[in-house]
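Colleague: Please take me through this model, and give the rule behind each word that you use.

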Amino acid sequence: MRPPVDVLVIDDDEAIRDLVTAMFAEEGYSIMTVASVDNALEVVERHPPKIIFLDSATAEASAGDVAFVTAYRQSPPPHAPIILFTAVTNAACYAEQLHVDGLLTKPFEVEELLALVRQHTDRTEKPLTEPTP
């Protein structure tokens with residue numbers, strides 16, 4: 001098994017994946033992204049995350065999301081919290097059906113996203129880094 005990552009983002013939208021990757025990298029977090037739940041279980045087995053953001057509007061039907069959450073919860077612990085990360089109108093209901101640990105609706109405020117990550121990665125302030133020229 002390889003070292004854990006702070007954040008795993010499962011989102012079919014490449015622009016969202018690029019945005020959160022840049023944002024988390026700037027804040028000093030390690031991040032992995034995948035485009036679908038199809039290969040997400042393999043990724044979490046190799047790189048256990050501290051928090052998972054799951055987009056409910058991926059190309060797979062909701063059955064894919066249910067299958068991922070169920071399989072992940074049945075895998076050996078520890079289990080990272082799963083945050084539903086979505087723009088769908090029935091997000092709260094869908095989050096309840098999936099039995100996820102939280103909900104972040106799109107569009108979101110950057111501070112909302114960072115606060116969730118800090119909460120689950122035990123970081124309370126931005127890490128000190130050398131300024132880039």
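Modeller: Helices are DSSP runs of H or I with at least four residues, strands are DSSP runs of E with at least two, and both are numbered from the N terminus. P78, for example, lies in the loop between α3 and β4. This is a predicted model, where local features need pLDDT of at least 70 and side-chain atom pairs count only at pLDDT 80 or more, while totals for chains, interfaces and linings use all residues. Residues are numbered from 1 along each chain as its sequence is written, and side-chain values use heavy atoms, with hydrogens and water left out.

Colleague: Which peptide bond of P78 is cis, and what is its omega?

Modeller: The cis bond joins P77 and P78, with omega about 5°. Another cis bond joins K106 and P107, with omega about -5°. P107 is in the loop between β5 and α5.

Colleague: Why is H99 called exposed?

Modeller: The relative accessible area of H99 is 61%. With a 1.4 Å probe and protein chains only, buried means under 20%, exposed over 50%, and partly exposed in between. The value for H99 is over 50%, so H99 is exposed. H99 sits in the loop between α4 and β5, and has a positive phi of about 60° although it is not a glycine.

Colleague: What makes T105 partly exposed rather than buried or exposed?

Modeller: T105, in strand β5, has a relative accessible area of 40%. That value falls between 20% and 50%, so T105 is partly exposed. T105 touches T86 and A91, leaving aside residues up to four places away in sequence; contact means heavy atoms within 4.5 Å.

Colleague: What makes a set of residues a nonpolar core?

Modeller: Its members are buried Ala, Val, Leu, Ile, Met, Phe, Trp, Tyr and Cys residues, joined through side-chain atoms within 4.5 Å. The largest such core here has 19 residues, and I10, I52, L54, F68 and I82 have the most contacts inside it. Elements that each supply at least two of its residues include β1 (5-10), β3 (49-54) and α3 (62-74). Apart from it lies another core of 18 residues, among them V7, I31, F53 and V117.

Colleague: How do you know that α5 is close to its expected length?

Modeller: The expected span is 1.5 Å times one less than the number of residues. Helix α5 (residues 110-121) has 12 residues and reaches 16 Å from its first C-alpha to its last, close to the expected 16 Å. Its buried residues are L113, L114, L116, V117, R118 and T121. Their cover includes β1, α1 (14-26), β3, β4 and β5 (102-105). Just after α5, D122 takes a positive phi of about 60°.

Colleague: What makes a space a pocket rather than a cavity?

Modeller: On a 1 Å grid over the protein atoms alone, a cavity is a set of points where a 1.4 Å probe fits but cannot get out; a pocket is an open set with protein on both sides within 12 Å along at least five of seven lines, and lining residues have an atom within 4 Å of a point. The largest pocket is lined by 15 residues, of which V44, P48, Y72, P76 and P78 lie nearest its centre. Helix α2 gives the largest share of this lining, three residues.
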